[in-house]
Amino acid sequence: MNEQVIKFFAEKDVKPPPSRVKMAVRMRATRSLGPYTLLLESSCGTGPPRVAGSARLFLYDTRSDDADEPVAVKRFAVDSWREATGELARAADVLRGKEK
């Protein structure tokens, strides 16, 4: 992973306290880019009422010894599913090297 990818995954990582109830995953999206796979999970919904929630973005590297474990995780709050998928697209751009 290059420095831009490391910075991207570190910029908003808000880990919840251990006493917090686990996030109820309502939506998922994946994107594969070469040896990397991005997995987005979010608790917000797409239909009315559009529920704000939280999101997790996982980065998997198929070349690693333990390909089932993410190499990076980013947690953040979102107002809508559209905002969550926008962050997924931004992560894909960073992996491709198109965003600074």
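How many helices and how many strands are there in the protein? There are two helices and four strands, where helices (H or I, at least four residues) and strands (E, at least two) are DSSP runs, numbered from the N terminus. Read from the N terminus on, the elements follow the order α-β-β-β-β-α. The model is predicted, and local features need pLDDT of at least 70, side-chain atom pairs count only at pLDDT 80 or more, while totals for chains, interfaces and linings use all residues. Residues are numbered from 1 along each chain as its sequence is written, and side-chain values use heavy atoms, with hydrogens and water left out.

The protein has 100 residues, of which 35% count as buried. Buried means under 20% relative accessible area, exposed means over 50%, and partly exposed lies in between (1.4 Å probe, protein chains only). Among the contacts with a separation of 6 or more, 51% are accounted for by residues 24 or more positions apart, a contact being heavy atoms within 4.5 Å.

Helix 1 spans residues 3–10, and its buried residues are Val-5, Phe-8 and Phe-9. Seen down the helix axis, these buried residues fall within an arc of 90°, so they line one face of helix 1; the arc is that of the directions from the helix axis to the C-beta atoms. An α-helix has 3.6 residues a turn, so residues three or four places apart point the same way. The face turned away from the buried side of helix 1 carries the exposed residues Glu-3, Lys-7 and Ala-10. The buried residues of helix 1 pack against strand 2 (36–42), strand 3 (53–61), strand 4 (72–78) and helix 2 (81–96).

Aromatic rings deserve attention next. Two aromatic pairs are found in a search of the whole structure. Rings of Phe, Tyr and Trp (its six-membered ring) pair if their centres lie within 6.5 Å; planes under 30 degrees apart count as stacked, over 60 as edge-to-face and the rest as tilted. Phe-8 and Phe-9 form an edge-to-face pair, with 5.3 Å centre to centre and 85° between the planes. The pair formed by Phe-58 and Tyr-60 is tilted, with 6.2 Å centre to centre and 35° between the planes. Phe-58 is buried, with a relative accessible area of 12%, and Tyr-60 is buried, with a relative accessible area of 19%.

Lys-74 has its charged end over the ring of Phe-8, 3.6 Å from the ring centre. Lys-74 also lies over the face of Phe-76, at 5.8 Å from the ring centre. A charge sits over a ring if NZ of Lys or CZ of Arg is within 6 Å of the ring centre and within 35 degrees of the ring normal.

Two further residues complete the tour. Ser-43 is placed in the loop between strand 2 and strand 3, and counts as buried at 9% relative accessibility. Not counting residues up to four places away in sequence, Ser-43 touches Met-23, Ala-24, Arg-26, Gly-53 and Ser-54. A polar atom of the Ser-43 side chain lies 3.0 Å from the backbone nitrogen of Ser-54. Ala-89 belongs to helix 2 and counts as partly exposed at 28% relative accessibility. Ala-89 and Arg-31 are 58 residues apart in sequence, and 8.8 Å apart in space, C-alpha to C-alpha.

Methods:
Polar contact = N/O pair within 3.5 Å; in protein donor to acceptor, adjacent residues only side chain to side chain.
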